[in-house]
Amino acid sequence: MQTATAVKPLWHTYLLFLAPMVLSNFLQSMSGTVNSIYIGQMLGTQALAAVSGMFPIVFFFIALVIGLGAGAGVLIGQAWGAREPHMVKAIAGATLLLGVLIGLVAAVFGSVFARQALSGLGTPADVLDDAVAYAHVMMWILPSLLVFVLFTQLLRGVSDTLSPLLALIVSTSVGLALTPALIRGWFGLPQLGIQSAAYAGLAGNLAAMAWLAWRLIRKGHPLAPDREFFAALRLNGAILGKVLRIGLPTGVQMIVLSLSELVILALVNQHGSQATAAYGAVTQIVNYVQFPALSIAITASILGAQAIGAGRLERMGPILRTGLLINVCLTGGLIVLGYLLSHWLLGLFLTEDSTRLMAEHLLQIMLWSLLVFGFQAIIGGIMRASGTVLVPVAIAIICVVGVQLPAAYWLDAQYGLPGVWMAFPVAYLGMLILQTLYYKLVWQHQKIERLV
């Protein structure tokens with residue numbers, strides 16, 4: 001068995017890890033897409049605009065958990081590569097408990113300040129009340145969503161990407177079946193209007209987590225919620241210190257990205273509810289391309305961490321090159337499809353021709369740059385596998401705060417709404433150039449050691 005593993009081509013290992021994750025991201029995006037179609041077609045463009053305003057706010061909280069998961073994933077990957085399952089459980093337990101606390105805090109503060117936050121973002125007055133009503137429900141179901149997102153990240157640290165995929169199938173199936181039923185009040189269910197997708201999502205998450213627990217226990221999984229796992233649910237300072245050392249900068253980066261999205265949304269909102277609806281539709285399409293690119297970067301990071309844990313540093317270069325090649329094929333292919341099918345895809349969300357044409361133009365401006373985004377994310381992922389995060393994160397933050405946002409304001413003044421979207425390629429190109437320079441000139445010359 002060991003010999004077979006040793007001679008297995010790296011691209012094969014990569015794709016076995018990556019394929020379930022990409023399918024998971026596809027399902028996750030599809031769930032949001034179909035819910036947006038339900039809302040846009042069954043409740044109208046104004047309802048879609050109200051829901052769209054919540055995208056950056058929810059992402060703000062998810063970003064912090066993603067950062068924690070990234071830090072824990074590196075540590076778990078190294079411990080798993082070194083064949084230390086007890087350390088895997090200890091890292092997972094401490095991180096998961098911290099994620100639960102973050103979810104509860106987010107629920108309280110997010111629901112209390114929902115109206116102020118949405119008003120501050122410049123949410124159009126004609127959709128503000130609906131947006132606030134939707135936000136209140138989303139904030140209270142956020143803890144279950146954050147726990148689900150974090151736990152699936154931890155599973156990937158031990159190379160299990162199939163369980164998260166199957167759990168997401170359960171969640172998506174339940175959510176998509178319930179959303180239209182709650183919108184229309186089918187089968188005696190209450191008519192919940194714009195809040196239907198949120199309640200359906202909660203039911204889906206709970207069903208998926210129950211099924212996932214059953215599957216992991218039945219298989220004797222290293223992260224099964226058994227007695228040993230629950231014993232590890234404690235705030236271990238030494239472990240969390242290492243998790244936060246890697247994860248906090250990554251979380252800060254994600255939060256800065258989400259804050260930049262809030263600024264972008266505020267700029268878009270100034271152009272009216274039609275522009276806000278176009279923003280929501282374009283975001284849906286972009287997610288289908290961006291999330292797979294991020295999945296490749298996560299795969300590179302986990303495989304790199306496992307190689308470090310196993311003492312096989314010679315694999316780091318091939319892991320990077322394979323990731324970049326897969327990005328060309330996968331992300332590049334999705335970009336081509338996005339351009340070819342943009343008119344039809346956006347028509348799934350938007351019923352007004354003028355809004356759809358606006359969204360199509362915006363999508364065409366920036367879609368190509370997601371290939372560049374994928375390249376820089378993969379380079380950063382390889383460096384994160386060794387615990388190197390501060391400089392790569394600083395590069396990303398500088399490019400967002402110092403390049404993208406000023407460019408968005410300036411280009412908005414020059415070209416109107418399309419100018420806001422022109423700032424994305426500018427920022428992504430800056431990230432790629434600086435990440436590559438740091439990787440070549442500094443990181444490759446550093447000594448790489450295990451963190452756990």
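Start by selecting valine 105, which counts as partly exposed because its relative accessibility is 47% (buried is under 20% relative accessible area, exposed is over 50%, partly exposed is in between, with a 1.4 Å probe and protein chains only). What you have open is a predicted model, where local features need pLDDT of at least 70, side-chain atom pairs count only at pLDDT 80 or more, and totals for chains, interfaces and linings use all residues. Residues are numbered from 1 along each chain as its sequence is written, and side-chain values use heavy atoms, with hydrogens and water left out.

**Stop 1: the nonpolar patch**

Valine 105 sits in helix α5 (helices are DSSP runs of H or I with at least four residues, strands are runs of E with at least two, and numbering goes from the N terminus). Helix α5, residues 85-112, gives the patch its largest share, 4 residues.

**Stop 2: the salt bridges**

Side chains of opposite charge can pair when their charged atoms come close. How many salt bridges are there? The count is 3, taking a side-chain nitrogen of Lys or Arg within 4 Å of a carboxyl oxygen of Asp or Glu.

- Pick aspartate 226 and lysine 89: their closest N and O atoms are 3.8 Å apart. Aspartate 226 is in the loop between α9 (196-219) and α10 (227-231) and lysine 89 is in helix α5, so this pair ties together parts that are 137 residues apart in sequence. Lysine 89 is buried at 8% relative accessibility, while aspartate 226 is partly exposed at 30%.
- Arginine 312 is partly exposed at 33%, and glutamate 314 is exposed at 53%.
- Then go to arginine 356 and aspartate 353, at 3.5 Å. Both lie in helix α15 (residues 353-366), 3 residues apart, about one turn of the helix.

**Stop 3: the second largest pocket**

Rolling a probe the size of a water molecule over the atoms shows where empty space is left. Which residues lie nearest the centre of the second largest pocket? Select Phe26, Tyr288, Leu334, Leu337 and Leu345, from a lining of 18 residues. A pocket here is an open set of points on a 1 Å grid over the protein atoms alone, where a 1.4 Å probe fits, with protein on both sides within 12 Å along at least five of seven lines; lining residues have an atom within 4 Å of a point. Helix α2 supplies the largest share of the lining, 6 residues. The lining divides into 15 nonpolar, 3 polar and no charged residues.

**Stop 4: two loops**

Finish with arginine 83, in the loop between α4 (55-81) and α5. Arginine 83 has a positive phi of about 60° although it is not a glycine. Serine 159, between α7 (128-156) and α8 (162-184), also has a positive phi, of about 70°.

Notes
Nonpolar A, V, L, I, M, F, W, Y, C, P; charged D, E, K, R; others polar.
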